[in-house]
Amino acid sequence: PVMIEYYYKLAPGATKEWLALYKKNHNPILQQHMKAGLLLSEKLYERRYHAVAPAWDYKIVMVWRDGAALEQARLREQEIIRSLYPNQDDHDRQEKRRWEITVEHWDDVLNAVSLD
């Protein structure tokens, strides 16, 4: 499996809007990847306590079946979007807005290290 942590730092006051857009326009795509067995799990986190650095508002941890699953998901994404969102212009506009209020974004692909 491939574990990836996706970090999002958002514009001040935009966390609720970003989360609503994520849940409406991106999470359903990921749910389709889960049904197909490409994505094994997805968990969304926010900080319980304030921290200065690294600065992020949401972290999403996904476990993908393997590296090939990431590529398969990428290739299927437009097909899934067309099936889930008949008004693709509306979907694209809302996704554009989600990225406009994202100040910073980075991904950490994790590699497990044996402690033996």
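Student: At what angle do helix 1 and helix 4 pack, and how far apart are their axes?

Tutor: Helix 1 (residues 15–25) and helix 4 (residues 88–100) pack at an angle of about 145°, and their axes are 9 Å apart. Axes here are lines fitted to C-alpha atoms, for helices over the stretch in contact, and angles run from 0 to 180 degrees between N-to-C directions. Helices (H or I, at least four residues) and strands (E, at least two) are DSSP runs, numbered from the N terminus.

Student: What kind of model is this, and how are residues numbered?

Tutor: This is a predicted model, in which local features need pLDDT of at least 70 and side-chain atom pairs count only at pLDDT 80 or more, while totals for chains, interfaces and linings use all residues. Residues are numbered from 1 along each chain as its sequence is written, and side-chain values use heavy atoms, with hydrogens and water left out.

Student: Back to the helices: which residues of helix 1 meet helix 4?

Tutor: Glu17, Trp18, Leu21, Tyr22, Lys24 and Asn25 of helix 1 meet His91, Gln94, Glu95, Arg97 and Arg98 of helix 4; contact means heavy atoms within 4.5 Å. By class, this contact has three nonpolar, three polar and five charged residues. Ala, Val, Leu, Ile, Met, Phe, Trp, Tyr, Cys and Pro count as nonpolar, Asp, Glu, Lys and Arg as charged, and the others, Gly among them, as polar.

Student: And how do helix 1 and helix 2 cross?

Tutor: The axes of helix 1 and helix 2 (residues 27–35) come within 4 Å and cross at roughly 40°. That angle makes helix 1 oblique to helix 2, because angles under 35 degrees count as roughly parallel, over 145 as roughly antiparallel, 65 to 115 as roughly perpendicular and the rest as oblique. Tyr22, Lys23, Lys24 and Asn25 in helix 1 meet Asn27, Pro28, Ile29 and Leu30 in helix 2.

Student: Now the sheet. What is the strand order?

Tutor: The open sheet of four strands has the order 2-3-1-4, with antiparallel pairing; two strands pair if DSSP finds at least two bridges between them. Strand 2 (39–45) and strand 4 (102–110) are the edge strands, each pairing on one side only. The twist averages 15° from one strand to the next.

Student: How many bridges join strand 1 to strand 4?

Tutor: Eight bridges join strand 1 (residues 2–10) to strand 4, and Glu5 has Asp108 in strand 4 as its bridge partner. Helix 4 packs on the sheet, touching strand 1 and strand 4, and its direction makes about 90° with that of strand 4.

Student: Is strand 3 mostly covered or mostly open?

Tutor: Strand 3 (residues 58–64) is mostly covered, with seven of its seven residues buried; buried means under 20% relative accessible area, exposed over 50%, partly exposed in between (1.4 Å probe, protein chains only). Tyr58, Ile60, Met62 and Trp64 lie on one side, and Lys59, Val61 and Val63 on the other.

Student: What does Tyr45 touch?

Tutor: Tyr45, in strand 2, touches Trp56, Asp57, Tyr58, Lys59 and Val61, not counting residues up to four places away in sequence. Tyr45 counts as partly exposed because its relative accessibility is 36%.
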